[in-house]
Each structure stands twice: as C-alpha cells, then as structure tokens.
Amino acid sequence: MPWQALPASVASWLRPEIPRVAAEMIDTIRSEVPAYNRPLEGAFGVGLRLGVEQALRQFVELIDNPDSPQDHNAKIYRRLGRGEWYEGRSLDALQAAYRVGARVAWRQYANVARRAGFSADVTGILAEAVFTHINDMAAESVKGYADAQASAATTWQRSRERLLAQLMSAAPVSWTTVEDLARHAKWPLPGTAACVAIDEAPGELPTLPNTILASMDDSEPYLLVPEPDSHRHETTLRRVLRERIAVVGLTVPIADVRYSLLWARQTLQLVHHGAIPRKPLIYCSEHLSDLLLLNDERLAQQVSDRTMQAFQDMTPMQRERLESTLLAWLTSTGRSAPEVAALLGIHPQTVRYRMHQLTELFGERLNDPDFRFETEAALRARALLNGTR
C-alpha cells in the first residue's frame with residue numbers, strides 16, 4: 001500500500017487538518033451530490049459525519065501505523081453501503097460522494113505538502129495514497145450494499161415460498177396469515193389465479209416476472225400465475241417455458257388455487273399416458289371432458305365395460321366399426337346417415353347398415369336420453385383408455 005512508503009512525520013502534519021477538511025468535505029458533498037443535499041439531521045447527519053471523519057482519521061492512522069487493525073473501519077464503510085440500499089438508492093450517490101471527498105482531501109493535503117516542504121516523491125506518494133484509500137473505502141461499501149441486497153432477496157424469496165406453501169396447503173389456512181405473507185413478499189393478492197404444471201424439472205428458467213410465484217425444487221415443478229386469462233400471460237409463459245410440456249390449470253379464486261394445480265397435474269398425467277396429444281402449452285380448460293371421464297380410471301373402465309357388453313361376441317374389427325359409428329351418431333347434430341357418413345368418411349348406406357345392427361343390439365334404449373348420455377361417456381372413456389395403454 002502506498003501509505004507504507006510515507007514517512008510517519010506526514011501523519012503529524014495531516015492530523016490537525018482533520019476537522020477543517022471534514023467540514024469542507026461535507027459541505028462540498030452536500031453541494032455537489034443531490035442525494036445528500038438535505039439537512040444534517042437524524043441518522044443521515046450522524047452517518048455522513050461519522051463516515052467522513054472516520055475516513056480521514058483512518059488515513060492518518062495508516063500513515064502513522066500501517067500495520068494497525070482496520071476491521072472496525074471496514075465495517076463502517078460496509079454499513080454506509082447497506083444504508084444506501086435501505087434508503088432505496090443506488091450506489092451512484094455514494095460513489096459520487098467518495099469522488100468528491102477524494103478531490104477535496106487531495107486539494108487540502110497538497111496545500112499541507114507545500115507548507116511542510118514535502119519532496120516531490122513524498123507528495124506523489126501522498127496523492128496515490130489518498131486515491132487508493134478512497135477506492136478501498138468504496139470497495140467495502142459495495143460489499144455492504146451487495147450484502148444488503150442478498151439479505152433482502154433471501155428474505156423476500158422465503159416469504160414468497162411460504163406464501164406459495166400456504167396457498168397450496170390442503171390444511172385449513174388462516175387468510176390473515178396469507179395476507180401477511182403476501183405483504184412481506186410484496187405480492188399483491190389477485191382475485192383469481194391458475195397454476196401451470198411443468199412436465200419435468202426445467203433447470204434454470206429465464207427470469208420470471210415478480211408477479212409469478214414458482215416452485216422449481218419439487219419433482220413436480222409448477223408456477224402460480226395471477227389473473228392469467230390474457231394474451232400477455234400466454235406470451236410470458238411461452239417465453240419462459242420455451243418448448244417444455246406444461247399444462248395451464250383452470251382459473252379459480254385465489255383461495256382455491258390448489259385445485260387448479262391438482263387439475264393441471266391430472267391433465268399432465270393424461271398427456272403422459274397418451275390420452276392427450278403432447279404440445280408445449282396445454283390448457284386444462286380444453287380437456288375438461290377427458291379429465292372428468294378419466295379422473296377415476298378404474299370407474300371409467302367399469303362404465304365402459306358395462307355399457308359395451310353388447311359387443312362382446314364380435315370380432316375386434318366389427319366392434320371397432322360399430323363403436324365408432326355409434327359415437328358419431330350420438331355426437332352428430334341431426335343423427336342422419338349422411339351426416340354420420342360425413343363424420344366417418346364412409347358411404348351413407350354403410351351407416352344405415354351399421355345403425356340397423358345397433359338397433360338390433362340396443363333396441364328402444366337408443367331413444368332413452370340417459371342411455372345415450374351413459375353410452376357416449378362410455379365410448380369416449382374407452383377411446384381415452386385405449387390411448388393410455
């Protein structure tokens with residue numbers, strides 16, 4: 001360090017100047033740095049005076065005794081950096097104050113050097129020492145600022161994690177607790193929200209908007225998106241998830257958002273089983289009937305087997321043809337042979353022949369609304385179940 005090369009006698013010349021240099025430094029900083037141009041009252045005034053005076057005393061001490069412990073001084077400069085963070089300012093103002101302070105200090109010390117008759121070498125070393133010391137102080141303040149940032153980010157993230165856990169809890173939740181956590185997490189509670197179940201742990205995602213809560217450490221990662229029914233949110237999700245398979249759950253009141261995640265994950269299971277085609281972004285709302293039919297796969301199988309007993313003596317090809325014809329007839333608007341034929345891509349006469357066979361199998365039950373509903377559900381479930389195997 002350059003102060004190690006200075007004669008100890010330099011300290012005796014600089015020490016008496018500390019009060020005057022400190023006063024000029026404070027006045028100049030307040031004049032030239034807008035963030036500090038305010039009355040020297042309260043914690044602000046104490047902090048500014050302490051920082052300036054301690055910096056000047058430390059500099060003289062380093063010349064007088066270069067090996068003296070400096071941990072206490074480093075803590076002061078770090079505290080200044082933390083203070084800037086808590087005041088909501090960037091480091092620009094403090095860095096500017098350091099530059100102003102260095103300029104004032106060197107101007108005054110140069111005058112002392114002339115009066116004392118320091119050699120050119122000593123004066124040059126003194127200049128280097130002044131600016132090196134200021135740089136060291138600034139570096140400690142940057143550390144303090146970064147520490148405050150990291151601490152605040154950790155606290156904020158923990159609040160968001162606890163908030164998400166509360167919203168997803170199946171146990172009774174105190175809404176007052178939820179509101180308190182949301183306030184600490186700086187997350188305005190929305191009226192509605194939806195969860196997005198992600199197919200696999202996505203690793204590092206692009207930066208998420210602060211409005212979206214995320215659980216990425218789970219083996220079943222997911223996002224919570226407030227007020228999701230907008231094109232803007234879809235664009236955000238596609239950008240964040242890229243080509244990953246994900247299911248957007250139903251939009252529900254925020255108090256019921258755990259159900260959105262439940263349905264999104266059930267829909268994702270249907271994707272895994274092949275019952276729903278894979279694509280990057282899937283909406284649960286577009287597959288409600290599939291979800292409803294296969295919510296209990298064993299029951300769906302029972303309904304299918306019970307309703308389809310009439311086909312049990314047929315060959316697989318015969319059964320497939322009649323089942324597809326019956327489902328097309330049940331889902332068509334007018335249930336006419338030409339309409340069903342168009343849906344299946346076959347001749348209307350073929351449809352009439354098959355419908356004759358179906359009438360022999362089911363008779364008047366084809367006119368029963370309850371039977372038609374149960375049969376359509378059974379045929380849809382059968383198609384879905386076949387897709388999951």
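**A walk through a predicted model**

Buried here stands for under 20% relative accessible area, exposed for over 50%, and partly exposed for what lies in between, with a 1.4 Å probe and protein chains only. Before going on, please keep in mind that this is a predicted model, where local features need pLDDT of at least 70 and side-chain atom pairs count only at pLDDT 80 or more, while totals for chains, interfaces and linings use all residues. Residues are numbered from 1 along each chain as its sequence is written, and side-chain values use heavy atoms, with hydrogens and water left out.

Back to Q54, which sits in helix α3. Helices (H or I, at least four residues) and strands (E, at least two) are DSSP runs numbered from the N terminus. What is Q54 in contact with, leaving aside its neighbours within four places in sequence? The partners are H72, N73, I76 and Y77, where contact means heavy atoms within 4.5 Å.

Now to the nonpolar core, meaning a set of buried Ala, Val, Leu, Ile, Met, Phe, Trp, Tyr and Cys residues joined through side-chain atoms within 4.5 Å. The largest one has 45 residues, and L14, F59, I63, Y109 and L126 have the most contacts inside it. Helices α1 (9-14), α2, α3 (42-64), α4 (71-86), α5 and α6 (120-168) each bring at least two residues to this core. Which helix gives the largest share? That is α5, with twelve residues.

Let's zoom in on L126. With its neighbours within four places in sequence set aside, L126 touches L6, V10, L14, F59, I63, W106, Y109 and F118.

The largest pocket holds about 640 Å³, and 34 residues line it, with G47, L48, G51, L80 and L94 closest to its centre. On a 1 Å grid over the protein atoms alone, a pocket is an open set of points where a 1.4 Å probe fits, with protein on both sides within 12 Å along at least five of seven lines, and lining residues have an atom within 4 Å of a point. The volume is the space filled by probe spheres set on the points, which are joined across faces, edges and corners. Helices α2, α3, α4, α5 and α6 each supply at least two lining residues. The most comes from α3, with eleven residues.

On to charges. Side chains of opposite charge can pair when their charged atoms come close. The structure holds twelve salt bridges, each a side-chain nitrogen of Lys or Arg within 4 Å of a carboxyl oxygen of Asp or Glu.

One of them pairs R20 with E17, with the closest N and O atoms 2.3 Å apart. R20 is partly exposed at 41%, whereas E17 is buried at 12%. E17 and R20 also belong to a network of salt bridges with R115.

Another pairs R107 with E24, at 2.6 Å between the closest N and O atoms. R107 lies in α5 (residues 92-116) and E24 in α2 (residues 18-32), so this pair ties together parts that are 83 residues apart in sequence. Are these two buried or partly exposed? R107 is partly exposed, with 36% relative accessible area, and E24 is partly exposed too, with 22%.

A further pair joins D180 and R183, again with the closest N and O atoms 2.3 Å apart. These two are three residues apart in helix α7 (residues 175-184), about one helical turn. D180 is partly exposed at 29%, while R183 counts as exposed at 54%.

A quick stop at the strands: S215 is in β2 (residues 213-215) and counts as buried, at 17% relative accessibility. Beyond its neighbours within four places in sequence, S215 contacts L164, P221 and Y222.

Now for two backbone angles. Most residues other than glycine have a negative phi. K186 has a phi near 55°, a positive value; K186 is in the loop between α7 and β1 (192-198) and is exposed at 70%. E227 has a positive phi near 40°, lies in the loop between β3 (222-226) and α8 (231-241), and is partly exposed at 42%.
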